[in-house]
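This report walks through one protein chain, from its overall make-up down to single residues. The sequence and the model are shown first.

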Amino acid sequence: MKKFIVDMHTHSAFSHDGRAELKDMLAAAQKMGVVFYGVSEHYDFDYDLSKVDEDLRARLLAEGGEEYFHAARHLQEDYEGVMNVAVGAEFGYSDKQEVQGRYALTYEKYRPDYVINSVHSMLGMDFAFADFVGDKKFCGDKKEIF
């Protein structure tokens, strides 16, 4: 059976938690035999109303949309016929209407091929920060907090 490798949730240096350049990521994916590859940079507008400190909030809210989508669309064209590349976005979640509006405007402006919706925070705090989880730890692959 032929292997079919897909990766749709990736972040490059355009996002706060990515490190590699898009072109390097796509080259590595092609080398590994990936058939369908999606780039999905963060748009964390839910942090606009959060309790995280100002420096971190500024990093999380930094919008490089124009630069990201321009670079990603060019790479998508470069890989046409070689590897299927989808240009996406990862939107955070908020029940606040003004935040949802920013996500809608971002979608309308850039028209990503797909959107990942992630819940990274609750009650204005990020799940990854000690302020939220305190001294609790995740229990193996069960994802239970104890």
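A residue is called buried when its relative accessible area is under 20%, exposed when that area is over 50%, and partly exposed in between. His-42 has a relative accessibility of 11%, so this residue counts as buried. The structure described here is a predicted model.

**The chain as a whole**

The chain holds 5 helices and 8 strands. Along the sequence these follow one another in the pattern β-α-β-α-α-β-α-β-β-β-α-β-β. Of the 146 residues in the chain, 38% are buried. The accessible surface comes to about 9300 Å², and carbon and sulfur atoms account for 54% of that surface.

Strand E2 covers residues 34-43, and strand E3 covers residues 84-92. These two strands pair in the parallel sense over 8 bridges. Within this pairing, Phe-36 stands opposite Asn-84 in E3. Strand E3 is also joined to strand E4 (residues 114-118) by 5 bridges, and the two run parallel. Here Ala-89 has Val-115 in E4 as its bridge partner. Between E3 and E4 the chain passes through helix H4 (residues 97-110), and this β-α-β crossover is right-handed. Strand E3 is largely enclosed by the rest of the structure, because 8 of its 9 residues are buried.

**His-42 and its surroundings**

His-42 lies in strand E2. Which residues does His-42 touch, not counting those up to four places away in sequence? They are His-11, Ser-15, His-16, Asp-17, Glu-90 and His-120. With His-11 there is also a polar contact between the two side chains, at 3.3 Å.

**The nonpolar core**

The largest nonpolar core has 22 residues. Those with the most contacts inside this core are Leu-26, Tyr-37, Tyr-43, Tyr-68, Phe-69 and Met-83. Two or more residues each come from helix H1 (22-31), E2, helix H3 (65-78), E3 and H4. Met-83 shows some of these links: leaving aside neighbours within four places in sequence, Met-83 is in contact with Leu-26, Ala-29, Gln-30, Val-34, Val-35 and Tyr-37.

Gly-101 is found in helix H4. The C-alpha atom of Gly-101 is 9.8 Å from that of Phe-45, although these residues are 56 residues apart along the chain. Arg-111 sits in the loop between H4 and E4. Its backbone has a positive phi of about 50°, although Arg-111 is not a glycine.

Is Gly-101 buried, partly exposed or exposed? With a relative accessibility of 29%, Gly-101 counts as partly exposed. Arg-111, at 44%, also counts as partly exposed.

| Residue | Relative accessibility and class |
|---|---|
| His-42 | 11%, buried |
| Gly-101 | 29%, partly exposed |
| Arg-111 | 44%, partly exposed |

Note on methods
Residues numbered from 1 in each chain as written. Predicted model: local features only at pLDDT ≥ 70, side-chain atom pairs only at ≥ 80, totals over all residues. Heavy atoms only, no water. Helix = DSSP H or I, 4+ residues; strand = E, 2+ residues; numbered from the N terminus. Buried < 20%, exposed > 50% of the residue type's maximum accessible area, 1.4 Å probe, protein only. Polar contact = N/O pair within 3.5 Å; in protein donor to acceptor, adjacent residues only side chain to side chain. Contact = heavy atoms within 4.5 Å. Pairing = 2+ DSSP bridges. Right-handed = clockwise from strand over helix to strand, strands pointing away. Areas by Shrake-Rupley, 256 points an atom, 1.4 Å probe, with all protein chains shown as cover. Core = buried A, V, L, I, M, F, W, Y, C linked by side-chain atoms within 4.5 Å.
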